[in-house]
Amino acid sequence: MTTLTAFMLGLIAYLVYKLFVRAFYTVKPDERAIITSFGRAQRLGKLMVEDDSLNEEERQRYRFPQLRTIGPGGPYFKWPWQEVHKVRVVTQSVDLTWDPTKTQSTVEAVTKDNLTTGVGGQIRFRVSESNLYAYFFGVDSPLEHVMGYFISVLRERIANFVDPRGESLIGDAELPETGAPVELSEGVSINDLRKNLPLLNDYMEQQCGSTGARYGIELDAALITQIDPPSEVDRALSAINTTRNQVAADISTARADAEQQITMSKRAVDIARNNAQAEVAPLKELADTLTKIKSSGGPNALRTYIRNLRVPLLGQAKRIVQSAGSSQ
């Protein structure tokens, strides 16, 4: 009887713990939960997760049902045959080099000119509340799958990247007149990549926009912060960049000097023109006055006007030279 009583008391204690203590649970504000009954998640009817970024073949492959999601709060009740699965839905960050299978300091990628570079940075992600089925049951390690997908897209983009702005030292006069678009770049992919890191980040965010429908993880932002070549290549690139900057500085200085000389020449021409006009204006005015006097009074009036003009000049003269035949 003692053994049977102990067994019954233990069974009752287990049932109390299972039915009452563990039957209640809570969900934190930064968490979401789903319920499985005998291993099957509770669904929202026959609704399926849809994403316009997937093509027709991918939509057939990634067909996940929408689950009944339990929001923050509690306590909630569950039956003993049910299991609660919780997940944090806040935005998190992970280093680009994170890989549970190996340890690495950078991610290696090959550029268009066959240069092996080391890429570093971070990505921000969060669990998709609208596709928790893919996160819990789609793959064993969703974050690992997302990181592998991200790295593969990144390596493909770096291998084919060309500076879209076509910045180079080629002038417009040196371009062909065929009318066809010309792909201009500096010829060194690592320089183009470093100059266009924001464009590369935007491209990665666009290409990884379907990870929520694939693996249940949405990428919030891609932050690629460094692209470093080997040390010997980096030194050569530094020398190239230094030379290019010096050439650009010399060109800018020469243009500034030329523009200054042109401006000074224009101002000198304007000053000379104004001086010439200032000297010619009194002569024109005097010629018009003499013409009017002669036309109105005749030659005698003109001689009288000239004689009157001589009077103040004669008063200022110290010596007068006059021919014998001239009139007084």
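Biologist: Why does Asp30 count as partly exposed?

Modeller: Asp30 has 22% relative accessibility, so it counts as partly exposed. The cut-offs are these: buried is under 20% relative accessible area, exposed is over 50%, and partly exposed lies in between (1.4 Å probe, protein chains only). This is a predicted model, where local features need pLDDT of at least 70 and side-chain atom pairs count only at pLDDT 80 or more, while totals for chains, interfaces and linings use all residues. Residues are numbered from 1 along each chain as its sequence is written, and side-chain values use heavy atoms, with hydrogens and water left out.

Biologist: What makes Arg88 and Asp30 a salt bridge?

Modeller: Their closest N and O atoms are 3.2 Å apart. A salt bridge needs a side-chain nitrogen of Lys or Arg within 4 Å of a carboxyl oxygen of Asp or Glu, so the pair qualifies. The pair links distant parts of the chain. Arg88 is in strand β7 (residues 82-88), and Asp30 is in the loop between β1 (24-27) and β2 (31-37). They are 58 residues apart. Helices (H or I, at least four residues) and strands (E, at least two) are DSSP runs, numbered from the N terminus. Arg88 is partly exposed because its relative accessibility is 42%.

Biologist: How many salt bridges does the structure hold?

Modeller: The structure holds 8. Arg124, Arg126, Glu218 and Asp220 are linked in a network of them.

Biologist: How do you know that Arg214 and Glu58 meet in a salt bridge?

Modeller: Their N to O distance is 2.4 Å. Arg214 lies in helix α7 (residues 211-215) and Glu58 in helix α2, so the pair ties together parts that are 156 residues apart in sequence. Arg214 has a relative accessible area of 9%, so it is buried. Glu58 is buried because its relative accessible area is 13%.

Biologist: Where do Arg61 and Glu57 lie?

Modeller: Both lie in helix α2 (residues 56-61). They are 4 residues apart, about one turn of the helix. Glu57 is partly exposed because its relative accessible area is 45%.

Biologist: What makes β2 mostly covered?

Modeller: In β2, 6 of its 7 residues are buried.

Biologist: How do you know that β2 pairs with β7?

Modeller: Two strands pair if DSSP finds at least two bridges between them; 7 join β2 to β7, so they pair. The two strands run antiparallel. The bridge partner of Thr36 is Glu83 in β7.

Biologist: Which way do β2 and strand β3 run?

Modeller: β2 and β3 (residues 40-41) run antiparallel, joined by 2 bridges. Ser37 stands opposite Arg40 in β3. The hairpin has 2 residues between the strands, and Phe38 there takes a positive phi near 55°.

Biologist: Why are α4 and α6 called oblique?

Modeller: Helix α4 (residues 142-159) and helix α6 (residues 197-207) have axes that come within 10 Å and cross at roughly 135°. Angles under 35 degrees count as roughly parallel, over 145 as roughly antiparallel, 65 to 115 as roughly perpendicular and the rest as oblique. The two helices are therefore oblique to each other.

Biologist: Which residues does Tyr135 touch?

Modeller: Tyr135 touches Val87, Val127, Pro142, Tyr215, Gly216 and Ile217, not counting residues up to four places away in sequence. Contact means heavy atoms within 4.5 Å. Tyr135 and Ile217 are 82 residues apart in sequence and 7.0 Å apart in space, C-alpha to C-alpha. Tyr135 itself is in helix α3 (residues 132-138).

Note on methods
Axes fitted to C-alpha atoms, helices over the stretch in contact; angles between N-to-C directions.
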